[in-house]
Amino acid sequence: MIFLRLGLAASGWLALLATALPDASPVRVAAVTVFLLVCPGLAAQLALRPSGLLRRAGHPAAALEAALLTLVLGLALTTLVAVVLFLGGVFTATRSLLVLATLTAVLALLPRRSRARNRGPQVHAG
Amino acid sequence: MSGPHRPAHTSGGAPTGDTDTPNGAARPGDTTGTQAPETSGTRTRPDAPARTRSDVVRVWAARLVLPLSIALWLLSLRSVPIDRMRDLGLLQVMPPLFWVATALLTLGFCLTLSDRRTHGAWLTGYVLALIALIHATPTLLYPTLRYSWAWKHLAVIDAMIRHGGEVPNADKFSVYNDWPGFFQLHALFLRTTGLDSAVGYASWTPPIANVLLLAPLLLLYRSVTRDRRLVWGAVWIFYSCSWVGQDYFAPQSFAFLLFMTVVALLFRQLRSSALPRPDPRRRDGWPPGLLVAVVVIVAAIVVSHPLTPLMLISAMALLSLPRRSRRLALPVLIAAVVLTAAWDATVARSYISVNISNLIDSLTQPDKNVSSGLAALGDAAPGQILLSWVDRGLSAAVALLAIAGLLVRRWTRRTGLPLLAAAPLPLLAVNAYGGEMLFRAYLFSLPAAAFLVAALVLPPNPRRRVPYTLAVYPLLLVMIGALFFGYYGKEIVNQYTLKEVAAARYVIEHAPPGSTIVTLTADVPDLDLDYEKHRRVQLAYQDPDDQRLLVRDPLEGVTGFVYGATTERPAYVVLTRAQEKNLYLTGALPADVPGRLESALSGAEGFTRVYDNGDAVVYRYVTPPP
């Protein structure tokens, strides 16, 4: 889990680094796309509902829900960041990735509550 | 499901001995159902009866039909004469192999559905193949992005990038300034990746948007029942009846995915949910972290689309009525109302204040909104009249079957789905939404309505499961057949050639700021680029007097709109293939107007033919000195 959190925390900065590559280069497109679609949403889930993400990871519906929420939450956060920067008249590609990378890192590295952390994967019959 | 987590409706006054349940033995979420193993894919039970020879044949047939129908579909795309489309669009040019593939795929799905031990991956495969067959076919066949509105949205993204946000002088495009979420999300993506335009991936939006919708649909349906046949049957019916085409590159398709995610998360948290809940100790309401996530999603909806927040508010208001879902729906309702009010009072204030009088008018004439979505059939092409009736028939059939499902399968009344299906109805009374309200209401009702239809036509009958499942095959065929009318029937207008795009690019590159660009209809791909720099006139949508003048004397009809054009601010008249097809199809103007207009313009004083590539002609106009 610690590797996931560290990886998420680093992902935004790697995407930011990729923007130094030429416009539309495949590595840059892939790095930014993967970051935007996966990382902010996953980090937000780790921060907001670690139990939903970890405890029931083995259940297909839970996996589906986690995947959906990762994507949709990531898109929602990216949309809100873009809108705020555009409304403020301060939008640039670098700034937007900087904000998202910081947000992702903070969400990924937020200290977990011990209750959630100690509870290993287990299945409740619900 | 076990222990203390009984479904809310079992403790909420359901009549004792009510055997009207989704699987014949267990209510949704009950612990004793025979369907419990069906929750996920294949689970061989020790006491399960052995498969008979016919079972084995059926299972293998289902496994063969999926790759076979995909192969036939791909083969059918090799030679489709799309330039021969007429008033029924793709419907009349798709080869027989395409229809064979569709019928086979539906049959294979029914066979798979009839076997309770087939792995869920096969059902997923069938649904994905259905989505590909319906929604990827135009993308694979057309040389460029389909649908004029998708092109328009590309232009909005481009303008927002150029202006760093709000686009000045946006005129009719100003609504996009007020709900910019979708456009600025793509602007962010384009700027950070360095891609020039979204046109490359926008073409694939319909299949991708539908694939993404599968996740919330499955979560929603699986929260209501553990009967796998019902879940996947409802999914299939949803995709077979979703003919309104709001899945293209647009804020609506984005906001609809977010809306469905919120709804699915809510149903998943219900105490009656047939799915195991993340925290079974929680009695009711949202886990705080998840509620924060939901509010973030609601905020993204509010900044992206004007209508979807209202649909969400309506849905949450109705779901707040029953006690079993109130503690979940109420917080989302409050968040949606507060965020929508705050957004409308600030960023979207200009649009709201201008349009509030229209809203009041529509409140006083609710019947106008209901009827505004129905096509005026006066001069439309014969095929379009048929198509319009098929669309209406499919929509009415879904509504009637859903109501019948609600009446006959009493257990569905306790699921919250009827409220979800009814949620768009109040909006019908208050918002015409440019004549589209009826279609949007259908879109938002369909996820719940499809389940009610599935509950009706796929009744629980463990003993006669196979014949009962196969009996719905004709119905599914009719549904998907009707869908093709609605979805493919107007493709003659939605498909563009590269020459039409080239003509639009020519105009945009050569027209100085302040120029007037005149077209007959909106069907010119990419002509909206730089929309804030040019004045646009679409002749077919002017006042009736102007239209009559155009029909009587095309030259005079056009000159009235461009008179006074100077060398610094000239006018361009753009006539293209798709505009001509639109007039033929819809009858907005007589079909001979484009030809007569072109004849009148060639040689007319002040008009110079500056571009002609076979699919498009462009005239430049400067008013001659007196």
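Some housekeeping. Residues are numbered from 1 along each chain as its sequence is written, while chains are lettered from A and ligands numbered from 1 in the order in which they are written. As the model is predicted, local features need pLDDT of at least 70 and side-chain atom pairs count only at pLDDT 80 or more, whereas totals for chains, interfaces and linings use all residues.

I start with chain A. Chain A has six helices and zero strands; helices here are DSSP runs of H or I with at least four residues, strands are runs of E with at least two, and both are numbered from the N terminus. Along the sequence the pattern reads α-α-α-α-α-α. Of its 126 residues, 46% count as buried. A residue is buried if 20 or more other C-beta atoms lie within 10 Å of its own, exposed if 12 or fewer, and partly exposed in between, with C-beta atoms placed from the backbone.

Next, contacts: two residues are in contact if their C-beta atoms, placed from the backbone, lie within 7 Å. Take the contacts in chain A between residues at least 6 apart in sequence: 74% of them join residues at least 24 apart.

The UniProt record, an unreviewed entry, puts the annotation "transmembrane region" on residues 30–48, 60–87 and 93–110 of chain A. UniProt positions are given in the numbering used here, feature names are shortened, and annotations may be inferred rather than shown by experiment. In the model, residues 30–48 of chain A are 100% helix and 0% strand, with the end C-alpha atoms 27 Å apart. Residues 93–110 of chain A are 94% helix and 0% strand, and there the end C-alpha atoms are 26 Å apart.

Now to where the chains touch.

One helix pair runs across the two chains. The axes of α2(A) and helix α7 (residues 181–193) of chain B come within 9 Å and cross at roughly 145 degrees. Axes are lines fitted to C-alpha atoms, for helices over the stretch in contact, and angles run from 0 to 180 degrees between N-to-C directions. This crossing is right-handed; a crossing is right-handed if the near helix is turned clockwise from the far one by less than a right angle, and left-handed if anticlockwise. A:Arg28, A:Val29, A:Val32, A:Thr33 and A:Leu36 in α2(A) meet B:Phe189, B:Thr192 and B:Thr193 in α7(B). That contact has four nonpolar, three polar and one charged residues.

A second pair lies inside chain B. The axes of helix α12 (residues 288–304) and helix α14 (residues 323–345) of chain B come within 9 Å and cross at roughly 35 degrees. This crossing is right-handed as well. Among the residues in contact are B:Val298 of α12(B) and B:Trp343 of α14(B). The residues of this contact divide into 13 nonpolar, one polar and no charged.

B:Val298 comes up again in the largest nonpolar core, as one of the residues with the most contacts inside it. A nonpolar core is a set of buried Ala, Val, Leu, Ile, Met, Phe, Trp, Tyr and Cys residues joined through C-beta atoms within 7 Å, and this one has 238 residues. B:Val574 is also among those with the most contacts there. Leaving out residues up to four places away in sequence, B:Val574 touches, among others, B:Ala503, B:Ile517 and B:Val618.

Is B:Lys490 buried or exposed? B:Lys490 counts as buried because 25 other C-beta atoms lie within 10 Å. B:Lys490 is found in the loop between α22 (473–488) and α23 (491–494), and touches B:Gly89 and B:Leu585, not counting residues up to four places away in sequence.

B:Tyr147 has a phi near 80 degrees, a positive value in a residue other than glycine. B:Tyr147 is buried, with 26 other C-beta atoms within 10 Å. B:Asp171 has a positive phi too, near 55 degrees, but B:Asp171 is exposed, with 11 other C-beta atoms within 10 Å.

Note on methods
Ala, Val, Leu, Ile, Met, Phe, Trp, Tyr, Cys and Pro count as nonpolar, Asp, Glu, Lys and Arg as charged, and the others, Gly among them, as polar.
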